[in-house]
Amino acid sequence: MEVRFQNEIIKQKKFEFDSMASPELRADFDQDMDVDFNDLILLARNLGKKANLFQALSLFDLNQDEIINEVDFVRFKDFFGFPKSPQP
Ligand SMILES: [Ca+2]
Ligand SMILES: [Ca+2]
């Protein structure tokens, strides 16, 4: 981002995209930064639906085979509970 005054840069700040975002958040369908029962319910509501890559429903197609089915549930299971609570 550049801030200019009389065509001179008076402040410049570079924004960096966090490319190291957790892959588990792919299953965070409601985008509240965790993978929990709310996300599971959203997945379940779309079970059996076709989802090509250009549809919003493809969000639920975790293995990208263009159908939302039990295979996506199995993959979801690997992400469920993210983020893990720190161990005491
Ligand atoms: Ca969530
Ligand atoms: Ca699928």
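Author: Happy to. Let me begin with a definition: helices (H or I, at least four residues) and strands (E, at least two) are DSSP runs, numbered from the N terminus. Two notes on the model come next. It is a predicted one, in which local features need pLDDT of at least 70 and side-chain atom pairs count only at pLDDT 80 or more, while totals for chains, interfaces and linings use all residues. Residues are numbered from 1 along each chain as its sequence is written, and chains are lettered from A and ligands numbered from 1 in the order in which they are written.

Here is the setting for your loop. The protein has two helices and two strands, and along the sequence they follow the pattern β-β-α-α. Of its 88 residues, 9% count as buried; a residue is buried if 20 or more other C-beta atoms lie within 10 Å of its own, exposed if 12 or fewer, and partly exposed in between, with C-beta atoms placed from the backbone.

The predictor's confidence in each residue is called pLDDT and runs from 0 to 100. The protein averages 86, and 80% of the residues score at least 70. Strand β2 (residues 8-12) has the lowest confidence, at a mean of 64, and helix α1 (residues 37-45) the highest, at 98. Two residues are in contact if their C-beta atoms, placed from the backbone, lie within 7 Å. Where pLDDT is low, the predicted coordinates should not be read in detail.

E24 sits in the loop between β2 and α1 and counts as partly exposed because it has 16 C-beta neighbours inside 10 Å. Leaving out residues up to four places away in sequence, E24 touches V35, F79 and F82. The C-alpha atoms of E24 and D78 are 8.2 Å apart in space, although 54 residues separate the two in sequence.

Moving along the loop, you reach M33. M33 has 10 other C-beta atoms within 10 Å, so it is exposed. Its backbone is worth a look as well: M33 is not a glycine, yet its phi is positive, at about 70 degrees. A positive phi of about 70 degrees also occurs at E66, again not a glycine, and E66 is in the loop between α1 and α2. E66 is partly exposed because 13 other C-beta atoms lie within 10 Å.

That brings us back to D34. With 17 C-beta neighbours inside 10 Å, D34 is partly exposed. Beyond its neighbours within four places in sequence, D34 is in contact with D28, F82 and P83. D34 and P83 are 49 residues apart along the chain, and their C-alpha atoms are separated by 6.0 Å.

P83 itself belongs to the segment after α2 (70-79). The peptide bond that joins F82 and P83 is cis, with an omega of about -5 degrees.

For a pairing from elsewhere, look at R75 in helix α2. R75 touches L62 and N63, not counting residues up to four places away in sequence.
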